Amino acid sequence: QWFYIVNGVVDTRLSAIVDHVNRCYNIILQRSPDASGLKYWADALQNGTKAAANIIDDFVNSPEFKSRNLSNGDKVEILYNTMLDRGPDAAGKAYWVNNLNQGQPLAALINGFCNAPEFISICNS
C-alpha cells in the first residue's frame with residue numbers, strides 16, 4: 001500500500017490510484033512499474049483522461065503483454081485478479097475462456113467485469 005501526504009493529510013484517493021496502477025503492472029505485466037510509467041498512468045487516472053478499465057485494456061493490448069503468448073485461461077485469471085482482486089470461480093472461468101475461444105476480444109471480458117460489484121467497489125475506493 002502506497003500512501004501520499006498532501007498538505008499533511010494522507011491522500012487515500014491518490015494512494016488507491018497508485019495501488020491500481022501497481023496492480024496492473026504486477027499482475028498483467030509481472031513486473032514493477034518504472035517511475036515514469038507509474039506517474040503517467042497515475043496521472044491519467046487522477047485527471048480523468050483514463051478510467052481504471054481503460055488502463056487495464058491498454059495494458060492487455062500492449063506489445064509487452066501480447067509477447068507473453070498466454071493461453072486464454074491465463075488471460076482470464078489475470079483479469080479476474082486485476083479487476084476483481086480474486087481468482088476466478090470455475091464456472092466463470094469456463095464461461096470467459098469459451099467466449100475468448102469463440103473469438104470474443106479481451107475488451108468484452110473487461111467490459112463484463114466493469115459491472116461486477118467487486119470492480120465497482122475497487123473503483124469507488
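A salt bridge is counted where a side-chain nitrogen of Lys or Arg lies within 4 Å of a carboxyl oxygen of Asp or Glu. By this rule, seven salt bridges are found in the whole structure. The structure is a predicted model, in which local features need pLDDT of at least 70 and side-chain atom pairs count only at pLDDT 80 or more, while totals for chains, interfaces and linings use all residues. Residues are numbered from 1 along each chain as its sequence is written, and side-chain values use heavy atoms, with hydrogens and water left out.

The protein contains eight helices and two strands. Both kinds of element are DSSP runs numbered from the N terminus, with helices (H or I) of at least four residues and strands (E) of at least two. The order of the elements from the N terminus is β-β-α-α-α-α-α-α-α-α. Of the 125 residues in the protein, 38% are buried. A residue is called buried under 20% relative accessible area, exposed over 50% and partly exposed in between, with a 1.4 Å probe and protein chains only. The accessible surface of the protein is about 6800 Å², and carbon and sulfur atoms account for 51% of this surface. Accessible areas were computed by the Shrake-Rupley method with a 1.4 Å probe, and for residues only the protein chains shown count as cover. Among contacts in the protein with a separation of 6 or more, 54% join residues 24 or more positions apart, a contact being heavy atoms within 4.5 Å.

Side chains of opposite charge can pair when their charged atoms come close. Arg31 and Glu64 form a salt bridge through their side chains, at 2.6 Å from N to O. Arg31 is in the loop between helix 1 (12-29) and helix 2 (35-46), whereas Glu64 is in helix 4 (residues 63-66), so this pair ties together parts 33 residues apart in sequence. Arg31 is partly exposed, at 30% relative accessibility, and Glu64 is partly exposed at 31%.

A salt bridge also joins the side chains of Asp43 and Lys39, with an N to O distance of 2.5 Å. Both residues belong to helix 2 and are four residues apart, about one turn of the helix. Asp43 has a relative accessible area of 29% and is partly exposed, whereas Lys39, at 51%, is exposed.

In a further salt bridge, the side chains of Lys93 and Glu77 meet at 2.4 Å, N to O. This pair links distant parts of the chain, 16 residues apart, with Lys93 in helix 6 (residues 90-101) and Glu77 in helix 5 (residues 72-84). Lys93 is partly exposed at 25% relative accessible area, and Glu77 is partly exposed at 31%. Salt bridges with shared partners also join Arg31, Asp34 and Glu64 into one network.

Six aromatic pairs were counted. Rings of Phe, Tyr and Trp (its six-membered ring) pair if their centres lie within 6.5 Å, and the pair is stacked with planes under 30 degrees apart, edge-to-face over 60 and tilted for the rest. The ring centres of Trp41 and Phe59 are 5.2 Å apart and the planes are at 55°, so this pair is tilted. Trp41 is in helix 2 and Phe59 in helix 3 (residues 52-60), 18 residues apart, and the pair links distant parts of the chain. Trp41 is buried at 14% relative accessible area, and Phe59 is buried at 3%. Tyr80 and Phe113 form an edge-to-face pair, with 4.7 Å between centres and 70° between planes. Tyr80 lies in helix 5 and Phe113 in helix 7 (residues 106-114), so the pair ties together parts 33 residues apart in sequence. Tyr80 and Phe113 are both buried. One aromatic cluster is formed by Tyr25, Tyr40, Trp41 and Phe59.

The largest nonpolar core has 35 residues, and those with the most contacts inside it include Phe59 and Phe113. Such a core is a set of buried Ala, Val, Leu, Ile, Met, Phe, Trp, Tyr and Cys residues joined through side-chain atoms within 4.5 Å. Helix 1 gives the largest share of this core, eight residues. Not counting residues up to four places away in sequence, Phe113 touches Leu79, Tyr80, Met83, Leu84, Trp96 and Phe119.

Zero disulfides were found in the whole structure, a disulfide being a pair of cysteine sulfur atoms within 2.5 Å. Cys24 is buried at 0% relative accessibility, and Cys114 is partly exposed at 24%.
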